[in-house]
Amino acid sequence: MNAHETGEHCKAVFAALSEYLDLELSPASCAELEIHLKGCPPCIEFVESLRKSIDFCRGYSPGELPKALSAEARHELQEAYKKMLEAREDQ
Amino acid sequence: MDRQLEVELARRLLAGEAQAFDRFVEHFRAKIFHYSWLMCGQREDAEEVAQETLLKTFESFHQLKQPERVRPWVFRIAKNVCLTKRRRSIFAPSPAQELSLDALMPSKDHHNGGTKIEIADWSHLPEDLVLKTEMKNELQAAIRALPEIYRSVILLRDMEQLSTTETAQILDVAEDVVKTRLHRARLAVRKQLDGRLRDAVKVVAI
């Protein structure tokens, strides 16, 4: 039984997929991984699902926003900003 | 808003241009709120974290020597505020819990001399808007379900699109740790979404 059948290669590929998708693998490791992918349809399918899941995360925009900023909270922030500017000028 | 615009707003604020203030506050308040809501679990806590983070940001804004680094700089403050808040709350951080790679691998089927993995059909994910809304809730749930050492990494790396180096600096861990955690977090999220997609496919099939 070869390594592919026992899933050893699949496991090694599995461990390196984020680095592969983030283009952070070394050229040699990348080439090795792609050779495996060419002969392993289940791994290709898995890579595609992971790629889509990551894209989904990256494209996610939260539906919920915080409540509108109260005048009091805005004032507190503005005071902190002004104080910081004044302290910097005094230095 | 892309990072270039954030940097521009930070530069203008540092130069004393108060007109940039409201845009900066509105933009980062929403971002920090979202991060801390997924980290803390409570809407009220997330609003307080956002306010406290912005307050600390303005108090120490003169220490921001490189405006290009404004996003990681604000998030480092947010992470610390969030942590302090959670230590005091019933949602106190739990002991670090590890995700194992083996548990995140898809299950395999060996028959007829070939190997098959059990996986949902992901091809319709981007097109189906109804499914996408449901999946958005599922994504939030998947992220909330992650142990927090993984949750913070996926939020910063994939959602806030900070670099590995920036994320490592924010979380005070080595870059390799960020990479390992990110990979496991992504696999765990993929696994949960995969299960949800399979349910959806089953519903369609009936």
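1. Into which domains is chain B divided? Chain B consists of domain 1 (3–88) and domain 2 (101–205), with bounds taken from an automatic or database domain assignment.

2. This is a predicted model, in which local features need pLDDT of at least 70, side-chain atom pairs count only at pLDDT 80 or more, and totals for chains, interfaces and linings use all residues. Residues are numbered from 1 along each chain as its sequence is written, and chains are lettered from A and ligands numbered from 1 in the order in which they are written.

3. The contact between chains A and B takes 33 residues from chain A and 41 residues from chain B, where two residues are in contact if their C-beta atoms, placed from the backbone, lie within 7 Å. On the chain A side, α2 (8–21), α4 (41–58) and α5 (71–90) each give two or more residues; α4(A) gives the most, with 12 residues. Helices are DSSP runs (H or I, at least four residues), numbered from the N terminus.

4. Leu139(B) touches Phe56(A), Cys57(A) and Tyr60(A), as well as Val189(B) and Leu193(B), not counting residues up to four places away in sequence.

5. The largest nonpolar core holds 62 residues; among those touching the most other members are Leu139(B) and Val189(B). Such a core is a set of buried Ala, Val, Leu, Ile, Met, Phe, Trp, Tyr and Cys residues joined through C-beta atoms within 7 Å, buried meaning that 20 or more other C-beta atoms lie within 10 Å of the residue's own. The largest share of this core, 9 residues, comes from α2(B).

Key. Buried ≥ 20, exposed ≤ 12 C-beta atoms within 10 Å, placed from the backbone.
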